[in-house]
Amino acid sequence: AEYGEAVVSTQSTGSTNGLPVVFKQCDSKTVDVVHSYLQNILAKSNSSLASSHIQALNQEGISVSLYYRSVKDETNAFIVCFICDGTALLSPFYHELDKYTDGLVDHLADPEPYLVRWQFNCIEYVLRVLDYFRNDVSSLLYIALSRNNIDILATNPNSQIVRDTHLFISSCSLKELMYNTEVVFAPCSNPEESVMIDFDNKIVNYECNKFCSKWASQIESEYDAYIVRQKLEDYKIAANEDLNTFRRLLHLAEADHYAFFQGYEFIKLHDNGKILFEMLSHESMVYSLESLENLLNILQKFRLYKESVTLNTSRPS
């Protein structure tokens, strides 16, 4: 399914903040036509807009952020648009809005009650999670980067905060982004890798690192969901860029010993080094990358050796 978003300026009236556009049933050919139509409008957003569709969005001349996507069931196809004030871009919420649009298929008989709650479910959830786990946000972020199977303790496992937290972790997950590996709330098959979130006592029983602590410090005092989500995405992108740097050094290490040492130093000194190493290890297994797996094994042995040497030299004689 295609989707797009942009900030456009209009000359109409009426507030659209948090208002879902009423969508019209149409066939697949019409969906393609409307997509092309919207994309052409968004591409020309710096010029005057003559379209009645865009003018109907807002008649006060204020900027709006528009996100649209198609959704289809067995017999019908639809275009769904989400709109908010243009000062708050919807683009960081692409993950949430995609999932929410997919869920619309089960509500096509009466879509309005489902659509009217899109802001509550797709936007405001980040603030509810931050407020609920105020002291453990950094651990939640660490889990999002490092784990896919998460055990939970909750009197009501279907409560709103459980659903919010699942969406929060899923939205911050690099594995879900890169490997299409869905985050699930279920016990891990390996007890040593078990992660527990205690919703009844608001406790996240897991470790953290400096990278996630810095990440958490940037959002814990924010009260604007759009700013929080953008900062979550910024750190997620930063983690992905660091992973690409580490991956590139290891590829160079196949023919360059100095690059191998640079890779070792990069991981050793990086605030998120352990997770980056685990991510590439997972990647080597998922895609059967034997050369990468061999390099990671050698690097791990080298790390253990250097740690043992450091430990022995630090002991008093």
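This is a predicted model: local features need pLDDT of at least 70, side-chain atom pairs count only at pLDDT 80 or more; totals for chains, interfaces and linings use all residues.

Trainee: Okay, where does Phe302 sit?
Mentor: Phe302 is in helix α14, which covers residues 290-314.

Trainee: And what is Phe302 in contact with, leaving aside its neighbours within four places in sequence?
Mentor: Phe260 and Tyr264. There is also a C-alpha to C-alpha distance of 9.7 Å between Phe302 and Phe261, and those two are 41 residues apart in sequence.

Trainee: Let's look at α12, then. Why does the length of α12 agree with what it should span?
Mentor: Helix α12 is residues 257-269, so 13 residues at 1.5 Å a residue should span 18 Å. The end C-alpha atoms of α12 are 19 Å apart, which agrees.

Trainee: Which residues of α12 are buried?
Mentor: Ala259, Phe260, Gly263, Tyr264, Phe266 and Ile267. They lie on the same side of α12, because they cover an arc of only 160° around the axis.

Trainee: Why would residues three or four places apart point the same way?
Mentor: An α-helix has 3.6 residues a turn, so residues at that spacing point the same way.

Trainee: What does the face turned away from the buried side of α12 carry?
Mentor: That face has the exposed residues His257, Tyr258, Lys268 and Leu269.

Trainee: Which residue caps the N-terminal end of α12?
Mentor: Asp256 does, with a side-chain oxygen 2.9 Å from the backbone nitrogen of Tyr258.

Trainee: What about Glu254, where is that found?
Mentor: Glu254 is in the loop between α11 and α12. Glu254 counts as partly exposed, because its relative accessible area is 48%.

Trainee: Switching to α11, is Glu233 buried or exposed?
Mentor: Glu233, which is found in helix α11, is buried, because its relative accessible area is 9% and the cut-off for buried is under 20%.

Trainee: Which side chain does Glu233 have a polar contact with?
Mentor: The side chain of Tyr94, at 3.4 Å. Leaving aside neighbours within four places in sequence, Glu233 is in contact with Pro92 as well as Tyr94.

Trainee: And His95, where is its place?
Mentor: His95 is in helix α3, residues 94-103. His95 is buried, with a relative accessible area of 14%. Not counting residues up to four places away in sequence, His95 touches Leu167, Ser170, Ser171, Glu176 and Arg229.

Trainee: Now rings. How many aromatic pairs does the count come to?
Mentor: The count is 13 aromatic pairs. One of them is Phe211 with Trp215, an edge-to-face pair at 6.0 Å centre to centre and 65° between the planes.

Trainee: Where do Phe211 and Trp215 lie?
Mentor: Both are in helix α10, residues 210-219, four residues apart, or about one turn of the helix. Phe211 counts as buried at 8% relative accessibility, and Trp215 counts as buried at 0%.

Trainee: Which residues do ring pairs link into a cluster?
Mentor: Tyr132, Phe133, Phe185 and Phe199.

Trainee: Before I set anything up, where is confidence lowest and where is it highest?
Mentor: Lowest in helix α2, residues 52-55, at a mean of 30, and highest in helix α6, residues 125-132, at 97. Over residues 1-26 the pLDDT is below 50, though that stretch has 94 contacts in the model beyond near neighbours in sequence. Residues 45-62 are also below 50, with 45 such contacts.

Trainee: What's the mean pLDDT of the chain?
Mentor: The mean is 77, and 72% of the residues reach 70 or more.

Trainee: Last one: what does the secondary structure of the chain come to?
Mentor: There are 14 helices and six strands. Of the 317 residues of the chain, 45% count as buried. Among contacts between residues at least 6 apart in sequence, 74% join residues at least 24 apart.

Methods
Residues are numbered from 1 along each chain as its sequence is written. Side-chain values use heavy atoms; hydrogens and water are left out. Helices (H or I, at least four residues) and strands (E, at least two) are DSSP runs, numbered from the N terminus. Contact means heavy atoms within 4.5 Å. The expected span of a helix is 1.5 Å times one less than its number of residues. Buried means under 20% relative accessible area, exposed over 50%, partly exposed in between (1.4 Å probe, protein chains only). The arc is that of the directions from the helix axis to the C-beta atoms. A polar contact is a pair of N or O atoms within 3.5 Å; within protein, one must be able to donate a hydrogen and the other to accept it, and residues adjacent in sequence count only if both atoms are side-chain atoms. pLDDT is the predictor's confidence in each residue, from 0 to 100. Rings of Phe, Tyr and Trp (its six-membered ring) pair if their centres lie within 6.5 Å; planes under 30 degrees apart count as stacked, over 60 as edge-to-face and the rest as tilted.
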